[in-house]
Amino acid sequence: MEQWISDHKIPLGHWIKNGVDELKTAQWFFDTLTSILQFFITSLTNLLMSVPPLLMVGVFCVLAYALHRSWKLTLFIILAFLLIINLGYWKETMQTLSLMTWATLVSTLIGVPLGIAMAHRTWLFNVMRPVLDLMQTIPTFVYLIPTLILFGIGVVPGLISTVVFAIPAPVRLTHLGVSSVPKHLMEAGEAFGATPRQLLWKVELPYALPTIMAGITQCIMLSLSMVVIAALVGADGLGKPVVRAFNTVNPVMGFEAGLCIVLLAIVLDRVFRQPARMMGGRL
């Protein structure tokens, strides 16, 4: 019985290969998309790198203090970025920040509207739930292969892979926030004659905003966790020295680059997490 089952293997791999081959017939589209994404990522990277490091540190400090009024957080940001500059990884940090920014932006622009639609349409939620589960559990190297074939080596396949990995967070948390709006708030809005569009913008989104912002913050963290994977397909940033350290068995380089990733993650998490709760409390 087991032999019979093995002899009648479902050609799933061949189907996927045929699908990728069909997509390659439109290689001009993927080349154009690669050029566009490469331009935007490179432009932001050049902009970040054109700013003097100490000025960029000052910008982060002003932003953090304006949002939190915390001198402790501001001091931590100063020390964290000065350590990154001292270790010699400022250029790689800006490259990682650029990739993470675009990955978060794309994930948010796609994930938040999709989460809202899933909250209003049960059938869409039932369709997307297994897809999101698959995106979160499938090994990243599996979908890294087709993106590498279609987009080539460079930062673009790293961006696409990062978006695929990070987008379930804003989708799920947006769906959770919108679907958890109390029924009495919706009924009160309907009693005042609000249209479905007005209910969305005046009731549902303000109530769900803290949860949505938590999803975006989680998306930032997931994007940063992909920098090493993105480096394997040619993306610049802090992942490259980590991969280089792994290949050359260099613990010093690996620890320093890994520490820079951790510091950048902590800074971004502390800067963007608290304003979401404050905004939600005011609303």
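Trainee: Before we start, what counts as a contact here?

Mentor: Contact means heavy atoms within 4.5 Å. Keep in mind that this is a predicted model.

Trainee: Okay. Of the contacts between residues at least 6 apart in sequence, what share joins residues at least 24 apart?

Mentor: In the protein chain, that share is 77%.

Trainee: And the secondary structure? How many helices and strands?

Mentor: The protein chain has 15 helices and zero strands.

Trainee: What box do the C-alpha atoms fill?

Mentor: Roughly 65 × 65 × 40 Å, taken along the principal axes.

Trainee: How much of the chain is buried?

Mentor: Of its 283 residues, 40% count as buried. The accessible surface is about 15900 Å². Carbon and sulfur atoms make up 70% of that surface.

Trainee: Switching to charge. How many positive and negative side chains are there?

Mentor: There are 18 positive and 13 negative ones. The centres of the two sets lie 11 Å apart.

Trainee: Let's look at H4. What does it span?

Mentor: H4 covers residues 53-68, so to speak 16 residues by the helix assignment. From first C-alpha to last, H4 reaches 22 Å, close to the 22 Å expected at 1.5 Å a residue.

Trainee: Which H4 residues are buried?

Mentor: Met56, Val57, Phe60, Cys61, Ala64 and His68. They sit on the same side of H4, because they cover an arc of only 140° around the axis.

Trainee: Why would residues three or four places apart point the same way?

Mentor: An α-helix has 3.6 residues a turn, so residues at that spacing point the same way.

Trainee: What comes just after H4?

Mentor: Arginine 69, with a positive phi of about 55°.

Trainee: Now H6. Where is alanine 103, and is it buried or exposed?

Mentor: Alanine 103 is in helix H6, residues 90-120. Alanine 103 counts as buried because its relative accessibility is 0%, and the cut-off is under 20%.

Trainee: What does alanine 103 touch?

Mentor: Leaving out residues up to four places away in sequence, alanine 103 touches Leu159, Thr162, Val163 and Ser223.

Trainee: And how far is alanine 103 from arginine 129?

Mentor: They are 26 residues apart in sequence. In space the distance is 21 Å, C-alpha to C-alpha.

Trainee: What about glutamine 95? Buried or exposed?

Mentor: Glutamine 95 is also in H6. Its relative accessibility is 13%, so glutamine 95 counts as buried.

Trainee: Which residues does glutamine 95 touch?

Mentor: Thr45, Met49, Asp236 and Gly237, again leaving out residues up to four places away in sequence.

Technical notes:
Residues numbered from 1 in each chain as written. Predicted model: local features only at pLDDT ≥ 70, side-chain atom pairs only at ≥ 80, totals over all residues. Heavy atoms only, no water. Helix = DSSP H or I, 4+ residues; strand = E, 2+ residues; numbered from the N terminus. Buried < 20%, exposed > 50% of the residue type's maximum accessible area, 1.4 Å probe, protein only. Areas by Shrake-Rupley, 256 points an atom, 1.4 Å probe, with all protein chains shown as cover. Lys, Arg positive; Asp, Glu negative; His and termini not counted. Charge placed at Lys NZ, Arg CZ, Asp CG, Glu CD. Expected span 1.5 Å × (residues − 1). Arc of directions from axis to C-beta.
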